[in-house]
Each structure stands twice: as structure tokens, then as C-alpha cells.
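Here is my short note for your reading group. Please keep the model open while you go through the points.

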Amino acid sequence: MEKNSANRRFYSPEVWIFLLAIPVISAINFYLTYSNIQFNSFFAIRYLIDTLQGYAAWLIVREIIFWLDRRLPYQAGIGKRILLQVVLTTLAGLAFIAISTEILSILIKNEPAPIDFYSMDLVIIGIWFFVINGVYIGIYFYKSLEMAGQKKPEIEKKGILVKTGNQSLLVKDSEIAMLIVEDDYVSLVSFAGKKYLLDKSLDNLEQTLPPDSFFRINRQAILHRQAIKGFSRIDNGKLKIQLAMETKSLPELSISRIKAAAFRAWFIPA
């Protein structure tokens, strides 16, 4: 229900556009249909009926468009969506206009609608349904581009909380160069060259890090992609990591033969 309501608000201000436009469309139709217009009670009643029919037909078109937004969104195939929308809304709208006109004609005149209604009036009305679809399609793509332009990059909130003295600091994921086990403790080494001792295991920390940015190279270390300059082959199919930053007193960082293929696929994605 909330999604449907949000979908309707997405097309704002389409309601005001058509509330104002449909009376104008009815007036244009009168001008195109009748050669001798006389401003009398017949004109007023006929104009009112045509305008109310226009509002009802627009509401039918509107509901079909909202239904298609749920069943066949533009992302699923823009060409198919636009073609189906134009065909369904035009056929439904013309069918409503034709049926309601026939009913009114029989009730008021006791005779069916004249032939020229189908040969002229419905043709003109059909063109207006193309215009209505154009308005909705235009609003959709305008709002989509507007939202894309206003979309702000997500603020990085994830990271690891470290303690230094009496302070607790959040080291963001993008600032973490590596996590490495030293003397039974896990150390966080930042790209700025700072080192912090952590009170969590490497296994626990691995679960909190984004796998597209971090790789567990062995039991002792997790590295950020930007901290790795490259790698070289060593004995028994192992890989030796070449770091992109200067580090002191770190053991040689290597990857076992078993993990080598997975590392290469992660580091150099296809």
C-alpha cells in the first residue's frame, strides 16, 4: 500500500495538470467537431458531459499506468512497456468513451450515436490519449533524471572501533590497510601508517568487512585491495604479496596454493 502511494506521488503534479487540461481539451474538441457553435444551454450541457467523460477516461488511463508500474516497470524493457501502455490506455479510454456516449445518446435522444462520432470524434480523442501518455512518460523520465542528479553518495558508516589512550576512534573501512595477527593480538594498520591493537579475533573482524575490498590471505592477515601492489609466484604454487605501502617489522605475507586461485580472481576480476 505504501509503495503504491509513493508511486502515485512520483507523478506529481500530474493531477493538477489534467484537472486544468481536460476542460481545455474538451473545448478544442468542440472547436474541431462542430462548425457552428452556439453558446446556449445545449452547448453548456454537452460541454459538461464531454468534460466529465474526459475526467473519467483519464482516471482509467491513470490506473492502468500505475498497474503497469507494478507489473511491468520501465526497467524490465522500456520499448515493451511504452508500447503496451499506449495500446492498453488508448483502447481502454476509447472503449469507455464509445460505450458511455452510446448509453447517453440512447438515454437522451433514444437513438445510437451518429456514424461521424466514430469516424471523426473518436479519432480526435484517440490522438489525445497519445498526448496523455506522452505527459506521463515525460514526467517519469524527468523525475528519474532529477532523482539521479540529486542522489548523494552514501556516507561511509562502517568501520572498526579502536582505542587509543582514553579515546575511542572509528577507523573507516577505506582507511584500513590491513589486519594482522602479531604476538597473539590483532593489529589494525591504517593507510596513514598508524597501528592499533584490537580485542577481537581475526575471524570475527572478517565477518564485518566488505568482501569486495578485503581478502583474508591466510590465518594471520586480512588485506585491503588498495594495500596490495601486486604478487609474485614462489615455491609450491604459493603467492608472495607485494604491498603498496611501506611497513616495518611485518612478516612475509604469502598466500597458500589452495587460496591462490581465489585471490587472483578477487584481485583481478574478470
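**Notes on the fold**

1. The UniProt annotation "transmembrane region", from an unreviewed entry, covers residues 15–32, 44–61, 82–108 and 120–142. UniProt positions follow the numbering used here, feature names are shortened, and annotations may be inferred rather than shown by experiment.

2. This is a predicted model: local features need pLDDT of at least 70, side-chain atom pairs count only at pLDDT 80 or more, and totals for chains, interfaces and linings use all residues. Residues are numbered from 1 along each chain as its sequence is written, and side-chain values use heavy atoms, leaving out hydrogens and water.

3. Take two of the annotated spans. Residues 44–61 are 100% helix and 0% strand, with end C-alpha atoms 26 Å apart. Residues 120–142 are also 100% helix and 0% strand. Their end C-alpha atoms lie 34 Å apart. (Helices, H or I of at least four residues, and strands, E of at least two, are DSSP runs numbered from the N terminus.)

4. Now the open sheet. Its five strands follow the order E5-E4-E3-E7-E6, with antiparallel pairing. (Two strands pair if DSSP finds at least two bridges between them.) E5 (195–198) and E6 (214–218) are the edge strands, each pairing on one side only.

5. Four bridges join E6 to E7 (residues 221–224). Arg216 stands opposite Ile222 in E7.

6. Which strands form a hairpin? E8 and E9 do, with five residues between them. Asn236 in the turn has a positive phi of about 60°. Five bridges join E8 (residues 228–233) to E9 (residues 239–243), and the two run antiparallel. Gly230 has Gln242 in E9 as its bridge partner.
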